[in-house]
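Here is my note on the structure you sent. Keep the model open while you read the points.

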Amino acid sequence: GEKITVATVQARKGGPPLTMVTAYDTVMATIADRAGVDLILVGDSVADNVLGFSDTLSATVEIMIHHTAAVARARPRAMIIGDMPWLSYHISLEESVRNAGRLIREGQAEAVKLEGGRKRLPVIEALLAAEIPVMGHLGLTPQSVRVMGGYRVQGRRLEAARALVEDARALAAAGVFAIVLEGVPTIVARAITRLVPVPTIGIGAGPHCDGQVLVFHDLLGWHLDRRKAKFVRQYARLGEAAVSALQSFFADVRSGAFPSEGESYRMEEEEERAFEA
Ligand code: KIV
Ligand code: NA
């Protein structure tokens, strides 16, 4: 298939739903691409899904470049979105453009994503002025976990819902090519999807968005003993499958069933006879 670009994504507004998953390394990107995904997000959720941190605040530009570059080495047909980590776009416009530029140049991301509404308009405009495509992210924005006081659905009250709609309109008017809506009531996501001219991609935002995104580890059940969020549909239990595969290997080692002759090497026949003598 043809490479997915900003233009492809924009053209899907109101069309066949866009698919997006996170990926954090080359193998995951190859798997997602083989499955036919449209967009691969190298999320700052690498911090809590791969690196053992308890939230995304520990992700840095260096970490994001490291993982984005690994994803890019898969050369996916899918578009690669590099997530801008906390504090990489909050300090100054100059630092923000430099950091986004590093995700593009060193990480080979094809666009960046950042969290927040109208207060991010200056930084979004600065990135677009530097020719960097931007994806917005509204609602339950995990980098705001401290000020939200936990991971809470956003826009449940009338005023907050209206503010989200205004944020989405402002982002679209500024020129973002798509908007992730996370953790918002279905009817708010539906209203935003109807009102903005760019695709919305939902996670915990109901069925009316122009696309859906889930975290790779969540949908594949990679984590052992982790509580599943309401909005996650788990399509496999790879964590448990991996434990049981490893247990089979260890059992075969202990019983002597591994390795077999077919899994071992031989000398040339004559040399072997001479060697044994
Ligand atoms: O980092 C991430 O995984 C994300 C998605 C949940 C949208 O930002
Ligand atoms: Na993120």
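1. Leu41 counts as buried because 30 C-beta neighbours sit inside 10 Å. The cut-offs: a residue is buried with 20 or more other C-beta atoms within 10 Å of its own, exposed with 12 or fewer, and partly exposed in between, with C-beta atoms placed from the backbone. Leu41 belongs to strand β2. Helices (H or I, at least four residues) and strands (E, at least two) are DSSP runs, numbered from the N terminus.

2. A word on the source. This is a predicted model, in which local features need pLDDT of at least 70, side-chain atom pairs count only at pLDDT 80 or more, and totals for chains, interfaces and linings use all residues. Residues are numbered from 1 along each chain as its sequence is written, while chains are lettered from A and ligands numbered from 1 in the order in which they are written.

3. What does Leu41 contact, leaving aside its neighbours within four places in sequence? The partners are Met20, Thr22, Ile81, Asp83, Lys113 and Val213. Contact means that two C-beta atoms, placed from the backbone, lie within 7 Å. Leu220 is 179 residues from Leu41 in sequence and 16 Å away in space, C-alpha to C-alpha.

4. Now the annotated sites. The unreviewed UniProt entry puts a "binding site" at Asp44, Ser45, Asp83 and Lys113. These residues span 70 residues in sequence, yet no two of their C-alpha atoms are more than 12.5 Å apart, so they gather at one spot. Be careful with such labels: UniProt positions are given in the numbering used here, feature names are shortened, and annotations may be inferred rather than shown by experiment.

5. Take two of these residues in turn. Ser45 sits in the loop between β2 (39-42) and α3 (46-49). Ser45 is buried, because it has 22 C-beta neighbours inside 10 Å. Not counting residues up to four places away in sequence, Ser45 touches Thr22, Thr56 and Val215. Lys113 is in strand β4 (residues 111-113). Lys113 is buried too, with 25 other C-beta atoms within 10 Å. Beyond four places in sequence, the residues that Lys113 touches include Leu41, Asp83 and His137.

6. The unreviewed UniProt entry also gives an "active site" at Glu182. Is Glu182 buried or exposed? Glu182 is buried, with 22 other C-beta atoms within 10 Å. Its strand is β6 (residues 178-182). Among the residues that Glu182 touches, not counting those up to four places away in sequence, are His137, Gly139 and Ala205.

7. Next, helix packing. Helix α6 (residues 121-129) and helix α8 (residues 158-174) pack at about 20°, with axes 10 Å apart. Axes are lines fitted to C-alpha atoms, for helices over the stretch in contact, and angles run from 0 to 180 degrees between N-to-C directions. α6 and α8 are therefore roughly parallel. Angles under 35 degrees count as roughly parallel, over 145 as roughly antiparallel, 65 to 115 as roughly perpendicular and the rest as oblique. Leu121, Ile124 and Glu125 of α6 meet Ala170, Leu171 and Ala174 of α8.

8. Helix α8 also packs with helix α9 (residues 186-195), where the axes come within 10 Å and cross at roughly 30°. α8 and α9 are therefore roughly parallel to each other. On the α8 side, the contact residues include Leu164 and Val165, and on the α9 side Ala191 and Ile192.
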